[in-house]
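Please look through the sequence and the model that follow, and then read on for a guided walk through some of their features.

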Amino acid sequence: MPHHRTATPISRFSEEPRIVSAHRGMIAIVVLALLIVMWQLPRAVPAAEAAGPLIYWGAIVNGLGPSSANLQSGGAFDTFETRSKKKMSIIHWGQAWMGSDGSWGEFQTSYFDNVRNHGAIPMLNWASWRLGGGASQPNFQLRDLYGGAYDTYITRWATAAKSWGHPLFLRFNHEMNGWWYPWAEGKLSNGLIVNGNSAGDYVKAWRHVHDIFTNVGATNVTWVWCPNYVSDRGPFTGMYPGDAYVDWTCLDGYNRVGDTDWLSFNQVFTGSGTTYLKNSYQLVLNVAPNKPMMIAETATREAGDGGTKKAAWIKDALLTQIPTNFPKIKAVLWFNWDDSSGKTYPIETSLAATTAWAAGIASPVYASNQFGNLNISPIPMLTGVSSTVRIPLITVRRQ
């Protein structure tokens, strides 16, 4: 506590006025000097003010690739970003190993350049099948992959990826716990594994392909392992290739047309309140607790109410569920594509949905297109600390 001097008559200490005056002058000089120093030093600020983005975000848009036309003004990706009122930090598209015409899907250098020049991180859904050929494709059984049937193609693609030389996400053979792709291990209604595959084949195929990339030196590739959200019929037991072969884990999940219930984002990924969905988020954490996780495909349908329920779903997902209740999720990508009739997934299906999406993604938690110079592989998760923050004081330098 401060000490208070007892008042004393000046007649007893005739020099005191001059002393007090001198002291006051010295104090004023010291205070001024301290203020100058404090102004030059970093100032303490709340963590929320100092925090940078925590989560990458992006979308699949109409199933299109990032051609120059799709990224420039009026193109599909540009239109999506305009409606989002924010630029994407990840641009996501897909490529089959073989086109429907039998041609090989080569490394798309121009697409990868376009994404990087846009300031975003490329993420390719790379799939071992003939496009449009359905789930039963005897030429693309998993044993063909690890048996070496496609080594020449894989080596050529991996070598081109290495030559490109910049970080990219490779989401290889996703939703392997389902029964709708030829590379999967999910069981059909007759109890047999799809496409004649066998239990354990997926891991063998993944490791074989990964080893080819390692052997050619394509270390700029970040490997994303992505099961579908888990129901009673679609577990992924035994399908995780191991930490040495995976950089990011992942989940896909929708509040989709055909469900008997309206499922929140939380219910989709934890199964809470349902009898047919498992806690997919926790199951992924159980097999890979130390890996960052992404949601590579998610969306909700409309409810036929003018967009009210869809808007609330989006707001809850972006502003509450992902940043608060799913701390391992470090990237989220919207499925902005009516890939078949009745799937009212895009953000544009109602004004309410579009408005809610833009308001949610505007949160500073979600990163914009600031990654044109990214040179770290595997691609790191965001820490939420901006480059101007001084650790550990959580201070920011005055401008």
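**A walk through the model**

Strand E8, helix H11 (residues 308–325) and strand E9 together make a right-handed β-α-β unit, where right-handed says that, with the strands pointing away from the viewer, the path from the first strand over the helix to the second runs clockwise. Helices (H or I, at least four residues) and strands (E, at least two) are DSSP runs, numbered from the N terminus. This is a predicted model, in which local features need pLDDT of at least 70 and side-chain atom pairs count only at pLDDT 80 or more, while totals for chains, interfaces and linings use all residues. Residues are numbered from 1 along each chain as its sequence is written, and side-chain values use heavy atoms, with hydrogens and water left out.

Strand E8 (residues 293–300) is mostly covered, since 8 of its 8 residues are buried; buried means under 20% relative accessible area, exposed over 50%, and partly exposed in between, with a 1.4 Å probe and protein chains only. E8 pairs in the parallel sense with strand E7 (residues 248–255) over 7 bridges, where two strands pair if DSSP finds at least two bridges between them, and Asn255 stands opposite Thr300 in E8. E8 also pairs in the parallel sense with E9 (residues 329–336), over 4 bridges, and here Met294 stands opposite Ala331 in E9.

From the strands we turn to open space. The largest pocket holds about 830 Å³. On a 1 Å grid over the protein atoms alone, a pocket is an open set of points where a 1.4 Å probe fits, with protein on both sides within 12 Å along at least five of seven lines, and lining residues have an atom within 4 Å of a point. Grid points are joined across faces, edges and corners, and a volume is the space filled by probe spheres set on the points. Of the 34 residues that line the largest pocket, Asn125, His174, Tyr181, Phe335 and Trp337 are the closest to its centre. Strands E3 and E4 (121–130) each supply at least two residues of this lining, and E3 gives the most to it, with 6 residues.

Aromatic rings are the next topic. Rings of Phe, Tyr and Trp (its six-membered ring) pair if their centres lie within 6.5 Å, and planes under 30 degrees apart count as stacked, over 60 as edge-to-face and the rest as tilted. By this rule the count comes to 46 aromatic pairs. One of them is the tilted pair of Phe107 and Trp164, with 6.4 Å from centre to centre and 50° between the planes. This pair links distant parts of the chain, 57 residues apart, with Phe107 in the loop between strand E3 (90–98) and helix H5 (109–117) and Trp164 in helix H7 (residues 151–164). Phe107 counts as buried because its relative accessibility is 9%, and Trp164 counts as buried at 9% as well.

Most residues other than glycine have a negative phi, and most peptide bonds are trans. Lys85, however, has a positive phi near 60°; Lys85 lies in the loop between helix H4 (76–84) and E3, and it counts as exposed because its relative accessibility is 72%. Asn173 also has a positive phi, near 45°, and is placed in the loop between strand E5 (168–172) and helix H8 (201–216), but Asn173 is buried, with a relative accessible area of 1%. Finally, a cis peptide bond with omega about -5° joins Ser377 and Pro378, and Pro378 lies in the loop between helix H12 (351–361) and strand E10 (389–390).
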